[in-house]
Amino acid sequence: MNEQPIHPTQERAHLSRRHFLTSGASGIGLLALAWLLRDDGLLAAENRRDAPLAPKPPHFAPKAKRCICFYLEGAPSQIDLWDPKPKLNELHGQALPESMTKNVRFAFIKKEGAKLLGSPRKFQKHGQCGMQLSDFLPHLATRVDDVAWIRSMHTDAFNHHPGQLLMCTGRATFGLPSVGSWLNYGLGSPSKDLPGYVVLTAGRGPSGGATTWQSGFLPSTYSGVLFRNKGEPVLNLNNPAGLDDEMQRQTIEALGDLNRLRHDALRDPEIDSRIAAYELAFRMQSSAPELIDLSGETKQTLEMYGIGREDRAIQGPHRGGGRGQYHQFAVNCLLARRLIERGVRFVNLYHASWDHHSNLDTELAFNCGMADQPVAALLKDLKQRGLLDETLVVWMSEFGRTPLGENRNGNTNVSGRDHHPFAFTLWLAGGGVKGGTVLGKTDEIGWNVTEDPVHVNFVFLTAPGNRSS
């Protein structure tokens, strides 16, 4: 009588203890060794399917190992903050020659009747470098020797969403990875229990929304993950009522097995992303609440960042968003430090809006009052903890503001500035950047770049040289 063949599953189930120990133990040892080598960055090849965000060695040893990027949506006025123009004040109320505006497109300015708008801000020199800053930025003024300023930025876009896409992804079009996604794709992330790319917002959030932190054609594993700074850190992260941690773990494992079977059939990389997302979400259920719990921070640290501050009083509606922004933005700055301490590769902090077409002096004062103290505190905190040298901090937006006042609809009460793509300022600190330096120069009214132009596509390639203000 012919014996029925043993099914492979049954055969594996009936392996003897001796057979397991002699043939399998060495495999377990190698697996453990590989895990340790991977954690130490000594494993030559990494299985991206099982660990898509595992750290990967760069081609060259970098000084910057992580990045905190402030994105101030709407465009802060460089003329009123860090590119003083005394000549513009002298020419206040005068028209530009037609030759300068003939082929220029504006978002809202009407060329006929447009006049130059001087700045009421007072500028003083600060630090050993003598950098001139507006009186709206007294806290940042104490950190100027750590900061490099690029005054010669220019872009191709003069409207917000295209400008945001161009700045964050390199082109004014949908479907491309953001810079944070590229960094996580190329370098991975040391964090095992948090995403490699985290997004924090205050105010209204950017008009471009998630398109500015998307992964584009890269797997969704590399997209930015939007965190909240109170309540549930990530929406739907907590277990539903009645589902304990063990049941959740078994559910995740079962889903992973099913998804791997589906991947083997279809070879769709998005299935890998889904597996990684489920597993990361499970680990984040303990790590994310700990992240936003600030009870372990000292009173001195909380006060330095301005946690709990009340918003500055401002009359009427304004572009900054709802109440509580001062506290929310300060918390986000402290969370940025806590995130990079836990291995997160790239942190985006967004605030909207700095789009001051009118009421510039009042609303810019409100926004600077919100941002100045916690941003300066973050730079100081990073430096005190020995983190600044390996952390690149960037302040940027999609363009700048015009030296012309905005006369939309023939308005004679000109109190704001229009979008200006031809010349604006961006700054960087830490991560090997030489502080206390200035790259580039604009003309005497801030209309055009006159020295060392830097297009937005080269923001993350630029290293300011030995220039001073």
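Two rings of Phe, Tyr or Trp (for Trp, the six-membered ring) count as a pair when their centres lie within 6.5 Å; planes under 30 degrees apart make the pair stacked, over 60 edge-to-face, and the rest tilted. By that rule, a search of the whole structure turns up 16 aromatic pairs. The structure is a predicted model, with local features needing pLDDT of at least 70 and side-chain atom pairs counting only at pLDDT 80 or more, while totals for chains, interfaces and linings use all residues. Residues are numbered from 1 along each chain as its sequence is written, and side-chain values rest on heavy atoms, with hydrogens and water left out.

Strands here are DSSP runs of E with at least two residues, helices are runs of H or I with at least four, and both are numbered from the N terminus. Strands pair when DSSP finds at least two bridges between them. One partner of β5 is strand β7 (residues 346-352), joined in the parallel sense over seven bridges, and here V198 stands opposite V347. Another is strand β6 (residues 225-226), also parallel, over two bridges, with V199 opposite L226.

Back to the rings. A pair of them is described by the distance of the centres and the angle of the planes. Among the aromatic pairs is the tilted one of W213 and Y350, at 5.3 Å centre to centre with 55° between the planes. It ties together distant parts of the chain: W213 sits in the loop between β5 and β6, Y350 in strand β7, and they are 137 residues apart. W213 is buried at 10% relative accessible area, and Y350 is buried at 1%.

W354 counts as buried because its relative accessibility is 0%; W395 is buried at 4%. Both belong to one aromatic cluster, together with F70, W82, W149, F329 and W427.

A charge sits over a ring if NZ of Lys or CZ of Arg is within 6 Å of the ring centre and within 35 degrees of the ring normal. R121 lies over the face of F136, 3.8 Å from the ring centre, and the charged end of R408 sits over the ring of F108, 3.7 Å from its centre.

Terms used. Buried means under 20% relative accessible area, exposed over 50%, partly exposed in between (1.4 Å probe, protein chains only).
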